[in-house]
Amino acid sequence: VFQVAEKMEKRTCALCPKDVEYNVLYFAQSENIAAHENCLLYSSGLVECEDHDPLNPDRSFDVESVKKEIQRGRKLKCKFCHKRGATVGCDLKNCNKNYHFFCAKKDDAVPQSDGVRGIYKLLCQQHAQFPIIAQSAKFSGVKRKRGRKKPLSGNHVQPPETMKCNTFVRQVKEEHGRHTDATVKVPFLKKCKEAGLLNYLLEEILDKVHSIPEKLMDETTSESDYEEIGSALFDCRLFEDTFVNFQAAIEKKIHASQQRWQQLKEEIELLQDLKQTLCSFQENRDLMSSSTSISSLSY
């Protein structure tokens with residue numbers, strides 16, 4: 001017995017102009033889910049369930065896959081509006097920017113598509129403005145899926161600000177082990193601040209942290225991935241104070257669970273007492289009923 005996957009049905013907004021990118025919607029009546037066509041096509045973790053027929057304008061998105069992508073998007077924050085649900089990511093390997101599709105357009109990101117091959121991907125503004133990078137990343141993904149980000153081939157051109165910051169990063173790495181005190185770290189942070197990259201640096205760190213739950217919840221996460229995440233978290237002094245607060249949170253959770261257990265225990269005792277009372281009441285009724293029957297027979 002083969003189970004047929006439920007497909008999203010194509011709808012068109014009656015009030016929008018034709019051929020605009022937000023005019024076409026796909027709708028799943030059973031789940032009450034609607035999504036723009038481009039939001040589906042450019043979502044990084046979503047694949048059409050069968051080969052697309054150029055003669056058929058309807059796409060093949062099954063409902064379960066769309067639901068999984070919605071769940072994945074709830075863990076991702078948009079770089080533009082800072083809200084959750086950002087399923088469209090920059091296609092470059094080292095870029096962690098995620099967007100909603102229309103937020104990406106507002107942020108001057110560049111969508112790239114090859115309808116014949118069924119490839120839909122996106123480059124953020126920073127990486128789209130450098131032709132060599134854009135050319136090396138263009139259409140290198142999996143059919144109808146951006147898939148795992150591919151390593152760049154050829155020369156890698158970086159913006160001046162990024163090159164300046166990377167120079168200091170290399171300096172820190174070179175000095176690590178023999179001179180990792182404040183004489184290196186403080187100037188590095190000050191230079192990042194002067195270059196206007198301090199917020200960018202912190203945002204990149206936050207993006208890495210936000211991506212950790214998604215990796216840990218993935219059933220395909222390998223042991224090496226766990227080791228890498230563990231090292232990134234536990235070897236960082238930033239987490240020392242966090243562990244103190246986390247311990248307090250654990251104790252609070254234990255206390256709340258104990259209180260809940262005590263309430264449940266009292267509730268169970270009350271229900272057992274009520275059950276015994278009902279049984280006694282039923283026995284008395286049966287006894288009274290039997291006595292009444294005997295009296296009736298004696299007459």
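Reader: Where is the place of His-82, and what makes His-82 count as exposed?
Author: His-82 sits in the loop between H2 and S4, where helices (H or I, at least four residues) and strands (E, at least two) are DSSP runs numbered from the N terminus. Its relative accessibility is 52%, and because exposed means over 50% relative accessible area, buried under 20% and partly exposed in between (1.4 Å probe, protein chains only), His-82 counts as exposed. Phi of His-82 is near 65°, a positive value in a residue other than glycine.

Reader: What is the basis of these numbers and values?
Author: This is a predicted model, in which local features need pLDDT of at least 70 and side-chain atom pairs count only at pLDDT 80 or more, while totals for chains, interfaces and linings use all residues. Residues are numbered from 1 along each chain as its sequence is written, and side-chain values use heavy atoms, with hydrogens and water left out.

Reader: Why is Asp-108 called partly exposed?
Author: Asp-108 has a relative accessibility of 48%, so the label for Asp-108 is partly exposed. Asp-108 is placed in the loop between H3 and strand S6 (110-114), and phi of Asp-108 is near 65°, a positive value in a residue other than glycine.

Reader: What makes the contact between Glu-31 and Lys-67 a salt bridge?
Author: A salt bridge is a side-chain nitrogen of Lys or Arg within 4 Å of a carboxyl oxygen of Asp or Glu, and the side chains of Glu-31 and Lys-67 meet at 3.4 Å, N to O. The pair links distant parts of the chain, with Glu-31 in the loop between S2 and S3 and Lys-67 in helix H2, 36 residues apart. Glu-31 is partly exposed at 34% relative accessible area, and Lys-67 is partly exposed at 26%. Glu-31, Glu-64 and Lys-67 are linked in a network of salt bridges.

Reader: How many salt bridges does this rule give, and what separates Glu-69 from Arg-72 in helix H2?
Author: The count comes to 6 salt bridges. In the one between Glu-69 and Arg-72, the closest N and O atoms are 2.7 Å apart; the two residues are 3 residues apart in helix H2, and so are separated by about one helical turn. Both Glu-69 and Arg-72 are buried.

Reader: Why is the pair of Asp-91 and Lys-121 said to tie together parts of the sequence?
Author: The side chains of Asp-91 and Lys-121 meet in a salt bridge at 3.4 Å, N to O. Asp-91 lies in the loop between strand S4 (88-89) and strand S5 (98-99), whereas Lys-121 lies in strand S7, so the pair ties together parts that are 30 residues apart in sequence.

Reader: Why are S1 and S3 said to stand at the edges of the sheet?
Author: The open sheet has 3 strands in the order S1-S2-S3, paired antiparallel, and strand S1 (9-12) and strand S3 (33-36) each have a single partner strand, so one side of each is left without a neighbour in the sheet. Two strands pair if DSSP finds at least two bridges between them, and 4 bridges join S1 to strand S2 (residues 24-28). Arg-11 stands opposite Leu-25 in S2.
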